[in-house]
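Visitor: Could you walk me through how the pieces of this structure pack together? I'd like to begin with a pair of helices.

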Amino acid sequence: MARVYNFSAGPSCLPEEVLRECAAEMMDYQGTGQSVMEMSHRSKAYEPIIADAEAMVRKLMNVPDNYKVLFVQGGGSTQFAMVAENLGIKHKKAAYIETGVWAKKAAAEAKKLGIAVDVIASSKDKNYSYIPRVEKITGDYDYAYICLNNTIMGTHYEYIPETGDIPLVADISSCVLSEPLDVSKFGLLFAGAQKNLAPAGVTLVIVREDLIPEPADCLPGTPTMLAYKTHADNGSMYNTPPCYTIYVLGKVLHWIEKNGGAQGMADLNNAKAKLLYDYLDRSDFYHATAEKGSRSLMNVPFLTKFSTAETAAAAKKDEADRTDAEKAALAKEKEMNDKFVKEAQAAGLVNLKGHRLVGGMRASIYNAMTIDGVKTLIDFMDKFATENK
């Protein structure tokens, strides 16, 4: 079967060049007679793999020397707790900007741990379709927290809040290395690998050294594995790391370097996003859900003309409270969306179903998605619109 264009929000598509390299080395990595998948993390063969992955992160992201690069497990969701347990220890107070599901979940996790969470801004009033403008954050906060790119809602910060001495924490899971980022503006960055870096299984953490407390100084009850110092002091190998995922991550980083680094990715991603957003903005059949000025380069949710403010309002009602007209409109909308996703899949364009909180469709166009993939999607969208107007 031919390769499909995979628009999944994650795990996402990987560069085909990387997949071929991994396939070629599956049975025998560089003459070792074994796969990295079965290799001891303590072996001399594996040591250069994880060392190279860290070196490439530092090189491509221009990580300052006073920051640690860690490879941990548990995904971004575990970081919601780790951030609070390691950084929220002086005032037990933090500022969160709520721009969607993941920032909201992060704030909820911090609250569970006894952190006094101030939601200093939110875009909930418009279903998180924009990024609120918060130029400066002040106060007696242990840290300030943002989700730089919102996978579900398709929004992205086009600015970085000024926080002064307050460490700024950012979840960059769905935009890591999609464009240049000044690491020095942040106290801590983290990214689940399954969007732009590798298969699921490893989480990249970049944290300023002075923010790493002794395990005894973390919030009471913090497990050993949830203390950043545990990983920092042991080269990310306190326990068995996700060896194969880190190996693939290293290969993806070399692929990024070969294709122009972070700036090369930004050029490609801007070109892909412009094609898709320009098409949506001039269409009389589709429209993008994210507001201009807050649009993600990575995740593009869109609706058909059958999705309206009225159907969105109706969807929030209980079934019994909906009028017959609202029920009919919602049924028509669902029918059209299901038809789109089904026909797209038949055309080799997969994982386009939108998240239930937004509806419609969503095209995730991460680094590994080619410009040909986006053009093919637009051609299909145009054909579908013509046939279904």
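Guide: This is a predicted model, and in it the crossing of α3 and α4 is right-handed.

Visitor: Which residues make that contact of α3 and α4?

Guide: On the α3 side they are Ser77, Phe80, Ala81 and Ala84, and these meet Trp102, Lys105, Ala106, Glu109 and Ala110 of α4. Sorted by class, the contact of α3 with α4 has 6 nonpolar, 1 polar and 2 charged residues.

Visitor: And at what angle do α3 and α4 cross?

Guide: Helix α3 (residues 75-87) and helix α4 (residues 101-112) cross at roughly 45 degrees, and their axes come within 9 Å; that angle makes α3 oblique to α4.

Visitor: Okay, switching to the sheet: what's the strand order?

Guide: The sheet is open, with 7 strands in the order β2-β10-β9-β8-β5-β3-β4 and mixed pairing. The edges are held by β2 (67-72) and β4 (116-122), each of which has a single partner strand, so one side of each lacks a neighbour in the sheet.

Visitor: How many bridges join β2 and β10?

Guide: There are 6 bridges between β2 and strand β10 (residues 203-208), which pair in the antiparallel sense, and Lys68 stands opposite Val207 in β10.

Visitor: Which strands does α4 touch?

Guide: Packing on the sheet, α4 touches β3 (93-98), β4, β5 (143-147) and β8 (168-171), and its direction makes about 160 degrees with that of β3.

Visitor: Last one: how do α6 and α7 sit?

Guide: Helix α6 (residues 243-258) and helix α7 (residues 261-282) pack at about 75 degrees with axes 7 Å apart, and are therefore roughly perpendicular to each other.

Methods. Residues are numbered from 1 along each chain as its sequence is written. This is a predicted model: local features need pLDDT of at least 70, side-chain atom pairs count only at pLDDT 80 or more; totals for chains, interfaces and linings use all residues. Side-chain values use heavy atoms; hydrogens and water are left out. Axes are lines fitted to C-alpha atoms, for helices over the stretch in contact, and angles run from 0 to 180 degrees between N-to-C directions. Helices (H or I, at least four residues) and strands (E, at least two) are DSSP runs, numbered from the N terminus. Angles under 35 degrees count as roughly parallel, over 145 as roughly antiparallel, 65 to 115 as roughly perpendicular and the rest as oblique. A crossing is left-handed if the near helix is turned anticlockwise from the far one by less than a right angle, and right-handed if clockwise. Contact means heavy atoms within 4.5 Å. Ala, Val, Leu, Ile, Met, Phe, Trp, Tyr, Cys and Pro count as nonpolar, Asp, Glu, Lys and Arg as charged, and the others, Gly among them, as polar. Two strands pair if DSSP finds at least two bridges between them.
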